[in-house]
Amino acid sequence: METALDSGRDSTSGGTSNAEKFHKPVLLVETINWIKPRGDGFYLDGTVGSGGHSKLLLDTCETCRVIAVDRDPQALSMAKTALGSYRDRISFVHARFDQVLDHFSLQGPLSGAFLDLGVSSRQLDDDARGFTFRKNVNLDMRMDCANSELPTAAQILNGASEEELEKIFRNYGEEPKARKLAHGIVSRRQNNPFLTSDDLVAILYKTFKKIPRNKEKARIFQALRISINDELGCLSRGLERIRMDLDSGASFVVITYHSLEDRIVKRSFREWSQSCICPPKIPVCSCRGKALGHVPLARGVRPSSDEIQQNSRARSARLRIWRKA
Ligand SMILES: C[S@@+](CC[C@H](N)C(=O)[O-])C[C@H]1O[C@@H](n2cnc3c(N)ncnc32)[C@H](O)[C@@H]1O
């Protein structure tokens, strides 16, 4: 069974092969097949990254257009290089997907939208971004690396209260020793502030009283990343906001990489597909009284074993689809 934070994109300790230095889009064909781009449709790619999904969409339908969004300015600039030749068929926006539609004036409803969550291989493989537990990496982890108002991982470890740290490791890392770990961090930082991945790994060693396994390190590093970037909050708000701008019949496709994300997507899609959302004991329905759309494939789509063999980062991916009524 998948653990809550069993993520194919977890931070990785080892070196990476050249092939892995480039991001391979996950569930690429499946995403575009479910989006079914057509006509002069206008589509939202809320997590453009290196642009793999947008590229296939633009190639599949030569009259379609895309709004390509990323909160990471470096990722967006790479997407511009990769997709610049599509010229006026693509607009690039540096924003979070939960906020972009409040600022970007759409010419009409969206014909479809997709999100491919988490971080890309490029971000994970770049030590300067600080997402990894490889040796001697600065603890940063901000997706929007140009935003100096966002705290870095080091600032959180050196400044958050013991209770806040415990909550991060318990809620986002499902770490049974969250309290002990938080206590260890607070005791250490008074004389020895956290700067690099080695400092955090050393505290894990002390807390677990054994050399932490990569899976354990990944869980803790990922919990910090989720918290710093408010990933689950962005997802909940983003799903609602994007749904509002979808056209009738439009598909909304989301690829998740761990069960905390997947649960949010599954629950939202299920709730939007119910005709009545009144509490059970209400005698007369007083809610919207109709489904907003439906889920065409209850369990979603998992990558094939071939895809996982070629791209280990796909192993925990799950794609879910919702179609607006
Ligand atoms: C898995 S990668 C996407 C890869 C992309 N589909 C491709 O084919 O190259 C996820 C991207 O989403 C961005 N991202 C994550 N959360 C975001 C958010 N809330 N708003 C905007 N971009 C986000 C990350 O910076 C990263 O570049």
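Reply: Gladly, and we begin with a definition: a residue is called buried under 20% relative accessible area, exposed over 50%, and partly exposed in between, with a 1.4 Å probe and the protein chains only. The model is a predicted one, in which local features need pLDDT of at least 70 and side-chain atom pairs count only at pLDDT 80 or more, while totals for chains, interfaces and linings use all residues. Residues are numbered from 1 along each chain as its sequence is written, and side-chain values use heavy atoms, with hydrogens and water left out.

Me: As what does Asp230 count by its relative accessibility?

Reply: Asp230 is placed in the loop between α10 (214–228) and α11 (231–244), where helices (H or I, at least four residues) and strands (E, at least two) are DSSP runs numbered from the N terminus. Because its relative accessibility is 35%, Asp230 counts as partly exposed.

Me: What is the phi of Asp230 near?

Reply: Most residues other than glycine have a negative phi. Asp230 is a residue other than glycine with a positive value, and its phi is near 45°.

Me: Which loop holds Glu174?

Reply: Glu174 is not a glycine, yet it has a positive phi of about 45°. Its relative accessibility is 41%, so Glu174 counts as partly exposed. Its place is the loop between α7 (162–172) and α8 (178–189).

Me: How many Å apart in space are Arg65 and Tyr43, C-alpha to C-alpha?

Reply: Arg65 belongs to strand β2 (residues 65–70), and it counts as partly exposed because its relative accessibility is 25%. Arg65 and Tyr43 are 22 residues apart in sequence, while their C-alpha atoms are separated in space by 6.2 Å.

Me: How many charged residues are in the shell around the ligand?

Reply: A residue is near a molecule if one of its heavy atoms lies within 4 Å of it, and of the 26 residues around the ligand, Ser50, His53, Asp70, Asp116 and Gln123 come nearest. In this sorting Ala, Val, Leu, Ile, Met, Phe, Trp, Tyr, Cys and Pro count as nonpolar, Asp, Glu, Lys and Arg as charged, and the others, Gly among them, as polar. The shell has nine nonpolar and 11 polar residues, and its charged residues number six.

Me: How far from a polar backbone atom of Arg71 is a nitrogen atom of the ligand?

Reply: A polar contact here is a pair of N or O atoms within 3.5 Å. An oxygen atom of the ligand lies 2.9 Å from a backbone N or O atom of Ser50, and for Gly52 a backbone N or O atom lies 3.0 Å from an oxygen atom of the ligand. For the polar backbone atom of Arg71, the distance to a nitrogen atom of the ligand is 3.2 Å.

Technical notes: A polar contact is a pair of N or O atoms within 3.5 Å; within protein, one must be able to donate a hydrogen and the other to accept it, and residues adjacent in sequence count only if both atoms are side-chain atoms.
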